[in-house]
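The structure is shown below.

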Amino acid sequence: MAESPRRAAGRRLLLPLLCLFFQGATAILFAVFVRYNHETDAALWHWGNHSNAANEFYFRYPSFQDVHVMIFVGFGFLMAFLQRYGFSSVGFTFFLAAFALQWSTLIQGFLHAFHGGHIHVGVESMINADFCAGAVLISFGAILGKTGPAQLLLMALLEVVLFGVNEFVLLSLLGVRDAGGSMTIHTFGAYFGLVLSRVLYRPRLEKSKHRQGSVYHSDLFAMIGTIFLWIFWPSFNSAPTSLGDGQHRTALNTYYSLTASTLSTFALSALVSRDGRLDMVHIQNAALAGGVVVGTSSEMMLTPFGALAAGFLAGTVSTLGYKFFTPILESKFKVQDTCGVHNLHGMPGILGALLGVLVAGLATHEAYGDGLENVFPLIAEGQRSATSQAMHQLFGLFVTLMFASVGGGLGGLLLKLPCLDYPSDSQCYEDQVYWEHEDTAQEPLRVEEPDTQA
């Protein structure tokens, strides 16, 4: 692929310099602040009279494995639907997540696990870092194919900080319950990415419209991502919850919600098409909405019926969003949402937050018994009523939308810095811009300077 010498030189230097600088800075911060926690440190663990089987690793690591697979395999392949952007979808997912895991360990550590002058890490901090990486990848989905790796690195740098602050405000200051992250992960990641996409709006993106679709094999790869996410989503929602009945209930509610969202997706996809045929875009994405919608309420006494109803509603809303709302989002609001994160994460995330408000407001000592302390500790201690908890849950949603919107706007301005390399309007959704590979099926790209992002 031919390109101008100035662009080639800039790309050759900028990304390596940013990677080396951020990795060096992160390593220094790790050396100064990060230490093993008492479950991981050899001296501290053996100082107490502990059985090795009681170590948190054996209870949390299976869930961590599932979440880790979701982040790197599930998200990566789900975004591989673009016919000429498979390398970038999977590769940049790998790249962004690897940086986000390190950076979020520091940010979340300073906010949640900083004592004695140090951040103390263990398997739970690994899970929380994966959650943060998930939010970053959701935002990546909104701008997929329209940004360069240096831009994505700076997006992650900013978003991880805002994710950590928003999570701290909701969970620590407001006492909001959001185990599966309907608010902190899905709503935040979706609307951060959507506002970012709006700021980076490209009025001449139709030059690359012919690459924005999928082909048979790219849709099949994306479906692999869907299946991995669908299978492991109960672990995603239950990973941070209290061991015992809470984790068990969370997995069960997510399991049933996903089954219902899948059935509603198949039903609506056939119903809204002209000839009754299924749309693979709907199946790949909307079938997963059941996992998003119960993120907040899955540890609560939602009931199996409630999980089914929530999943069915989420699948319906998500499918209709892909069919009708995505075109309006671009034509009327100038938001170019490549992966449809508004339909899979945004709207189901908001529905999940509102469902959490409802279920929290119905919480009683009779329904939860002694388990109320694990799910709603402030209600169990008498510091709040169920109604008050519900209002805090609702306020948490507004706080999340505020952080996401402001953060996405700031991120958009940051990514528009003229020193950053990004594909031109005619070269979006094309692997050849950033990856070296030989493929005779690929069309040659013209020598062209990047368009100015509007």
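## Helices α5 and α7

In this predicted model, helix α5 (residues 123-142) packs against helix α7 (residues 182-199) at an angle of about 35°. Their axes lie 7 Å apart, and the crossing is right-handed.

On the α5 side, the residues in contact are F131, G134, A135, I138, S139 and A142. They meet I185, H186, G189, A190, F192, G193, L194 and S197 of α7. Sorted by class, this contact between α5 and α7 has 8 nonpolar and 6 polar residues, with no charged ones.

## Nonpolar core

The largest nonpolar core has 106 residues. Within this core, F140, M155 and F376 touch the most other members. Helix α5 supplies the largest share of the core, 12 residues.

Which residues does F376 touch, leaving out those up to four places away in sequence? They are R177, M300, A360, A363, Y368 and Q389.

## Sheet and the helix across it

An open sheet is formed by 3 strands, in the order β1-β3-β2, with mixed pairing. Strands β1 (34-36) and β2 (114-115) are at the edges, each pairing on one side only.

Strands β1 and β3 (residues 118-121) run parallel and are joined by 3 bridges. V34 has I119 in β3 as its bridge partner. Helix α4 (residues 86-112) lies across β1, β2 and β3. The direction of α4 is at about 110° to β3.

Conventions: Residues numbered from 1 in each chain as written. Predicted model: local features only at pLDDT ≥ 70, side-chain atom pairs only at ≥ 80, totals over all residues. Heavy atoms only, no water. Axes fitted to C-alpha atoms, helices over the stretch in contact; angles between N-to-C directions. Helix = DSSP H or I, 4+ residues; strand = E, 2+ residues; numbered from the N terminus. Left-handed = near helix turned anticlockwise from the far one by under 90°. Contact = heavy atoms within 4.5 Å. Nonpolar A, V, L, I, M, F, W, Y, C, P; charged D, E, K, R; others polar. Core = buried A, V, L, I, M, F, W, Y, C linked by side-chain atoms within 4.5 Å. Buried < 20%, exposed > 50% of the residue type's maximum accessible area, 1.4 Å probe, protein only. Pairing = 2+ DSSP bridges.
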